[in-house]
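Colleague: I am new to this structure. Could you take me through it by question and answer?

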Amino acid sequence: ELRIARAQVARVLRDEPDNPDGWREAYEIASAASDPDEASRAAARALDIYQRLAEHELAATLVNDVEQRGQALPPKFFLAAAETAERLGNGAWALSLLLRVIEARPRQRSGCAHETAVLCQRHHLAQLLKFQRHA
C-alpha cells in the first residue's frame, strides 16, 4: 500500500514540483516506510515551499510533527524551522530549535559549531540564553 501511495505522490510531484501538500504527503509516506533520507528530503522541501508561500501555520504544523516523531533531520531544516517560529512570534520555540541545531553540530577548532558568522552569532546568543534559563 505504501508503494502505491509513493507512486501516486511521485506522479503529482512530477507534474507539480512546488506542491507543498504533495511534499507533505511524501514526508508522511516516507516516515511510515521508515525511510529517513526521503522523509528528510520531503520535509525540507515542504517547509521551504510553505515559507515561500508565507504559510507559516502549515510550516509550524509540519515542524511540530517532525519534533513529535523525534526525527533527526539535518540542521538546515531546524534553522528554517526556527525562522518560522520567530515569524509566528514564538521566541522560546525558535530558541529551542536553534539549540537543537547547535547541539547536533560538532565543535570545530574555532570553538564555533558553525561555518558562518551569522550562525556563530546565533550560537553565542543561544548559549547565553541557555545559561540564563538555567541560572
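Colleague: In what order do the elements of the protein run from the N terminus on?

Modeller: This is a predicted model, where local features need pLDDT of at least 70, side-chain atom pairs count only at pLDDT 80 or more, and totals for chains, interfaces and linings use all residues. Residues are numbered from 1 along each chain as its sequence is written, and side-chain values use heavy atoms, with hydrogens and water left out. Helices (H or I, at least four residues) and strands (E, at least two) are DSSP runs, numbered from the N terminus; the protein has seven helices and zero strands. The order is α-α-α-α-α-α-α.

Colleague: What share of the 135 residues in the protein is buried?

Modeller: Buried means under 20% relative accessible area, exposed over 50%, and partly exposed in between (1.4 Å probe, protein chains only). By that cut-off, the buried share of the 135 residues is 39%.

Colleague: Which residues touch the most other members of the largest nonpolar core?

Modeller: A nonpolar core is a set of buried Ala, Val, Leu, Ile, Met, Phe, Trp, Tyr and Cys residues joined through side-chain atoms within 4.5 Å. The largest one has 32 residues, and those touching the most other members are L47, L62, V66, F77 and L97.

Colleague: Which residues does L62 touch, not counting residues up to four places away in sequence?

Modeller: Contact means heavy atoms within 4.5 Å. With that limit, L62 touches R24, Y27, A43, A46, L47, Y50 and F77.

Colleague: Which residues form the aromatic pair, and how do their planes lie?

Modeller: Rings of Phe, Tyr and Trp (its six-membered ring) pair if their centres lie within 6.5 Å; planes under 30 degrees apart count as stacked, over 60 as edge-to-face and the rest as tilted. A search of the whole structure finds one such pair. F77 and F78 are both buried. The pair is F77 and F78, with centres 5.2 Å apart and planes at 85°, which is edge-to-face.

Colleague: What covers the buried residues of α3?

Modeller: The buried residues of α3 are A39, S40, A42, A43, A46, L47, I49, Y50 and Q51. Their cover includes α2, α4 and α5.

Colleague: Why does Q71 count as buried?

Modeller: Q71 sits in the loop between α4 and α5. Leaving out residues up to four places away in sequence, Q71 touches Y27, S31, A39, V66, F78 and R100. Q71 counts as buried because its relative accessibility is 16%.
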